Amino acid sequence: MDNLFKFFIFFITNLLFLTTFVFSSSAKISPEKFLDEASLYTVKFRTTIEKPFREDKKVGLRKGSGFLIDKSKGLILTNAHVTGMSKSKIRVAFKDKGFVSAKQVYVDPEIDMAIVKVNANDIPKIAKEGKLQCNGKVPNGTSVAAFGHPKGLSFSASRGIISKYRFWIGKDVIQTDAAINSGNSGGPLIDLNTGLIVGINKSSYKDYQGLSFAVPSGYVCTIVNLYIEGKDPSPIDLPIRFAEDREAENYVKVSSFNHKGKNIEIGSLIVAVDGKEINTPTELSFYLRGKSGKALLTFKKNGNRNKYEVNLKPVQKVLERKYLYLSGAVIAKDMRARFEDIEKSFYIHSVKKGTEAEMAGLWQYCWIKSIDGIEPQNLKEIKKITKNKESVDIMTRCYSSRKDVITEDYYVKLKTNNDDIYLN
């Protein structure tokens, strides 16, 4: 009788174990299912830029990936370097469909992401919405897949893990060993346990295998939510610069803080904003996005803490930049200006090949000092000076390639044509 009872207990125990195993195995969705779904929300990108700002470097076609997040609104996410940070012509294609027109609606150079919009009627009925992971960070070691169109291999994935969330070249990023190659920039980085999108594929470390990077989805969610709410998601224009200490992996050491006309707190650490602890400049930026009024910054040095109020004002939107097109040269303010000369609006962002500007010798990355002996005060004045003239004398200043000289000045005579001179 005892042996029969023991056998019965053994049988029931194993039956429960087998039932639990079968149930859990069937309930768990396979990675293949998540990748099949990804092919229904991922799109191909084709972008052309005719008049690039310096961030886009040159004209021409660029290819990439993106993914649909809102079917009714037609919203698609990708990288800023895929759409371009200049006005561009964009087309996107869903799987097994032709290319349709899309429009840039928001571009964020700080974290390299962009939102584009397509006509909802151009979205296939079978298309799905990609779901973003918005709450917290996914643990290091999580299995992920980078999805997109690497090297023209459409709707394909590379598998790896999340290596680390880290600060890299001025930005918070996800480091992964999933291969991210040319063509799947802008595509989704997918958590293979949940199917949620944890990042936007961004780039890889040139000449090194297993070192790729993605934009963390938490920051993407902040921008998307602000945009949908009708708020400006742009970074706040703070008068602070940071010095990166790569050895100690410390990124909040202040190199300059302009407050009430004085440069103070050099060498301090910025440790909090409105009492909230921050660890990177990106965390500071995203705490403040969408806010107005004032914020309280806390600095720490030698055990002492100092607090200062700063006014909150968003930076100018990338897509709202004004420029002058001068006979083939795109002239505008450099948003990354470091020298007083180019904090004005006369930086030469690009020069189109074969135009009068190129033939005269105007160079990209130089800036205009004077035209016909006049130092212009704004872009309208440059247009006024050059209007209805056959040619103008231009003095430019350029960064020098010589080690003992920072900048050099050059003189050029530019033949002008009113049809090639306009403000935008």
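User: Is strand 9 (residues 171-176) enclosed or open, and how many of its residues are buried?
Analyst: Buried means under 20% relative accessible area, exposed over 50%, and partly exposed in between (1.4 Å probe, protein chains only). Strands (E, at least two residues) and helices (H or I, at least four) are DSSP runs numbered from the N terminus. Six of the six residues of strand 9 are buried, so strand 9 is largely enclosed by the rest of the structure. K171, V173 and Q175 point one way from the strand, while D172, I174 and T176 point the other way. This is a predicted model: local features need pLDDT of at least 70, side-chain atom pairs count only at pLDDT 80 or more, and totals for chains, interfaces and linings use all residues. Residues are numbered from 1 along each chain as its sequence is written, and side-chain values use heavy atoms, with hydrogens and water left out.

User: Which strands are joined to strand 9 by bridges?
Analyst: Strands of a sheet pair through backbone hydrogen bonds, either parallel or antiparallel. Two strands count as paired if DSSP finds at least two bridges between them. Strand 8 (residues 156-168) runs antiparallel to strand 9 and is joined to it by six bridges; F167 stands opposite D172. The two strands form a hairpin with two residues between them, and I169 in the turn has a positive phi of about 50 degrees. Strand 12 (residues 212-216) also runs antiparallel to strand 9, through three bridges, with F213 as the bridge partner of Q175.

User: In what order do the strands of that barrel close?
Analyst: Six strands close into a barrel in the order 7-8-9-12-11-10, with antiparallel pairing. On average, neighbouring strands of this sheet are turned by 45 degrees against each other, direction ignored. Strand 7 (residues 143-148) pairs with strand 8 in the antiparallel sense over six bridges, and V144 stands opposite G160.

User: Which strands does helix 2 lie across here, and at what angle does it run to strand 10?
Analyst: Axes are lines fitted to C-alpha atoms, for helices over the stretch in contact, and angles run from 0 to 180 degrees between N-to-C directions. Contact means heavy atoms within 4.5 Å. Helix 2 lies across strand 7, strand 8, strand 10 (188-191) and strand 11 (197-204), at about 155 degrees to strand 10. Helix 4 packs on the sheet too, touching strand 9, strand 11 and strand 12, and its direction makes about 35 degrees with that of strand 12.

User: Which residues have the most contacts inside the largest nonpolar core?
Analyst: In soluble globular proteins, nonpolar side chains tend to be buried together. A nonpolar core is a set of buried Ala, Val, Leu, Ile, Met, Phe, Trp, Tyr and Cys residues joined through side-chain atoms within 4.5 Å. The largest one has 37 residues, and I76, L77 and V92 have the most contacts inside it. Helix 4 gives the largest share of this core, five residues. Apart from it lies another core of 20 residues, among them A357, L362, C366 and V412.

User: Where is D56, and what does its side chain reach?
Analyst: D56 is in the loop between strand 1 and strand 2. With a relative accessible area of 4%, D56 is buried. A polar contact is a pair of N or O atoms within 3.5 Å; within protein, one must be able to donate a hydrogen and the other to accept it, and residues adjacent in sequence count only if both atoms are side-chain atoms. The D56 side chain reaches the backbone nitrogen of M85 at 2.8 Å.
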